[in-house]
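The sequence and structure come first.

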Amino acid sequence: MRKVAQYLGLLGFLLGAVLLYNQLTGHALGPLLGVFVDVVTPVFLLVLIGYLAGPRLALEARTLSRVAYFLFVPSFVFNIISTSAVEAGTLLRMVGAALGIQAGVTLLAWLSGKLLRRSSEMTAAFMMIAVFGNVGNFGLSLIEFRFGVESRLPATVFFLAIMISSFIICVSVANWGRRGGLRATLEVFKTPALLALLPALAFTLTETPVPIFAERMTGLLAQAMVPVMLVTLGVQLSEVRDITIDFNVWVATGLRLLGGPLVALLVVPFFGLVGLERATGILQAAMPAAVLVSIIALEYQLIPSFVTTTVLFSTLFSVVTLTVLLTVV
């Protein structure tokens, strides 16, 4: 992990130098640098806090992630969806675009594995990494920092569609040729976030006001979701061992960080999305690989060391790709 610590230290040094230069000279930050400092940096600093504090405070990533998974995430979903006004047509177009993007990156990853003549296990790992982006920890926070609170609804819709489809695709791919794969895939529909979506849609589609106590309770829990999830990500990354960056890691990282947004740019116009909905869809498709991919890989023994390495590497490298994309989208 020394290389990771050096990378994070260099990132912190460069950020400090930029801020000091700006303070001494009074020069305004350019668009690219401004996005890096004001949008990307707060997110990565929270991850860095978790990375440094985890081993020193003996924090357990599993406990933190379970609290977020079962309490904060469903509360966030319920609070955002139930209190927002959204047209059914717009909602369906966003979901359709998300599923189209997911199908596209899955096909791209499968073709890459076949063209490179990789094993079925490595091809499956490519597909899992390409399809499952960190749309919760990174996506929701980065998009809100960039576009404001009005972006919460479309970002949440893409988050749910991508998360649910990613679970289905990843579990199915990991279970190629195994018994019980269908049963494991169906377990996706029992996830707390999806269960919270049903009553939330009932309130918003019927235009029924949410009881004040429920709105306030879920609102308070929702506020804790992003910081807890980012710190948890740092704790999880601090537990990664045996980092080896090879060509396959570069390919998988490229599929996630470059293939995702490129496919999104091609798919989104077919669903008539413009403005904020278009921008959030493209950005959610560009997030680094989710830590949940490594958990699935470990559960099904699908090259877990490679998958975990790629999750970490794509997270670090996304500092560059996300800064550029957040500036131009």
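## Basis and numbering

Helices are DSSP runs of H or I with at least four residues, and strands are runs of E with at least two, numbered from the N terminus. The model is predicted, so local features need pLDDT of at least 70 and side-chain atom pairs count only at pLDDT 80 or more, while totals for chains, interfaces and linings use all residues. Residues are numbered from 1 along each chain as its sequence is written, and side-chain values use heavy atoms, with hydrogens and water left out.

Helix H4 spans residues 88–115 and contains Leu107. With a relative accessibility of 48%, Leu107 counts as partly exposed, because this class lies between buried (under 20% relative accessible area) and exposed (over 50%), using a 1.4 Å probe and protein chains only.

## Largest pocket

The largest pocket holds about 1,400 Å³ of space. Its lining has 43 residues, and the closest to the pocket centre are Ser65, Gln236, Val291, Leu292 and Ile295. A pocket is an open set of points on a 1 Å grid over the protein atoms alone, where a 1.4 Å probe fits, with protein on both sides within 12 Å along at least five of seven lines; lining residues have an atom within 4 Å of a point. Points are joined across faces, edges and corners, and the volume is the space filled by probe spheres set on them.

At least two lining residues come from each of H3 (61–82), H6 (135–147), H7 (152–174), H11 (225–238), H14 (291–299) and H15 (304–328). H3 gives the largest share, eight residues. By class, the lining has 27 nonpolar, ten polar and six charged residues. Nonpolar here covers Ala, Val, Leu, Ile, Met, Phe, Trp, Tyr, Cys and Pro; charged covers Asp, Glu, Lys and Arg; the others, Gly among them, are polar.

## Salt bridge

A salt bridge requires a side-chain nitrogen of Lys or Arg within 4 Å of a carboxyl oxygen of Asp or Glu. The count by this rule is one. It joins the side chains of Arg152 and Glu144, at 3.0 Å from N to O. Arg152 is found in H7 and is partly exposed, at 31% relative accessibility.

## Positive phi angles

Most residues other than glycine have a negative phi. Glu207, not a glycine, has a positive phi of about 55 degrees. Glu207 sits in the loop between H9 (192–205) and H10 (212–223) and is exposed at 71% relative accessible area.

Ile303 also has a positive phi, of about 45 degrees. Ile303 belongs to the loop between H14 and H15 and is partly exposed at 25%.

Val77, in H3, is buried with a relative accessible area of 0%. Met122 lies in H5 (residues 120–131) and is buried at 10%. Met122 and Leu302, 180 residues apart along the chain, have a C-alpha separation of 8.1 Å. For Arg152 and Thr280, 128 residues apart, that separation is 9.3 Å.
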